[in-house]
Amino acid sequence: MALRKRAGKKLFLTVARARHFRKGTTMKIVRILLALAIAALFAGCASTTKQREPTVAPSASVQTPVATVQTVKPTPAASPSSAAQPPAKATPAVPQTPLFATGACPNGYRLVARAFSLKELPEDLREEVEKLMRAATERETRGATRLEAYQTNDSLPRVLGKRLRTEIKTLAKITTDASVRYVEKNPQTRAVSARDIGVLKMVNGFGAFQFSDDPRSQIIETSWSVTEFISPEVSGGERRWRLFPLEWANWCTMNLPVLVP
């Protein structure tokens, strides 16, 4: 019975409270709920608008990125020596002496000189060389102005030049220069003059001179300054060889021997 009384009392209080709630607060609650519902509606709209904002500039089109695979070749490491070297510079071209050539002599015309030691020659060859050297000293050159004195058939280069070049393989170790000139004779005054055209450089007994024009119509002179030479002989204060136009014939190279003791 006591339980029934307490339960009935609770029910009475609940109903009383409910009645009081409906009388005093019904409109107030309705307004609150309506305000909350409106606020929730605006909040939902705001969140939906933020999510749709573009993430790129309006003018750019959005593309789904596609994964690509690229093969990257390893770059070889520079060696220490190459890294330390400065960049290569273009080497300027060296001007070459113009080459005069013909169909018969496509490589042009040359003067080649070889030096021989008299004491190194075989005895028979040495005797012939000495005989021709004595004949050269007896010629009257009139101070190198008489060209006929150089046009003899007993000249050492004309008689023994080929034999020395082919039989004697050991050259005298002489290094020197010889002046190469064109010799001219004035037909009226008969005066003889010489014009330098270059230098023949001899190294270890061998030297060559390349002509830049046609030498076959000129008298060619070589002048040797080494005091050790015993041939060519001294004329006009210099040791001279002279070559004449007819000696070229069909040859492209003329050979001159020079001698030391």
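## Helix 4

The expected span of a helix is taken as 1.5 Å times one less than its number of residues, and helices (H or I, at least four residues) and strands (E, at least two) are DSSP runs numbered from the N terminus. On that basis helix 4, with 12 residues, reaches 15 Å from its first C-alpha to its last, close to the 16 Å expected. This is a predicted model, in which local features need pLDDT of at least 70 and side-chain atom pairs count only at pLDDT 80 or more, whereas totals for chains, interfaces and linings use all residues. Residues are numbered from 1 along each chain as its sequence is written, and side-chain values use heavy atoms, with hydrogens and water left out.

Leu156, Pro157, Leu160, Gly161 and Leu164 are the buried residues of helix 4 (under 20% relative accessible area, with exposed over 50% and partly exposed in between, for a 1.4 Å probe and protein chains only). They lie on the same side of helix 4 because they cover an arc of only 140° around the axis, the arc being that of the directions from the helix axis to the C-beta atoms. These buried residues pack against strand 1, helix 3 (123-137), strand 7 (238-243) and strand 8, where contact means heavy atoms within 4.5 Å.

Val159, also in helix 4, counts as partly exposed at 41% relative accessibility. Leaving aside residues up to four places away in sequence, Val159 touches Leu132, Asn153 and Asp154; the C-alpha atoms of Val159 and Leu132 are separated by 8.6 Å.
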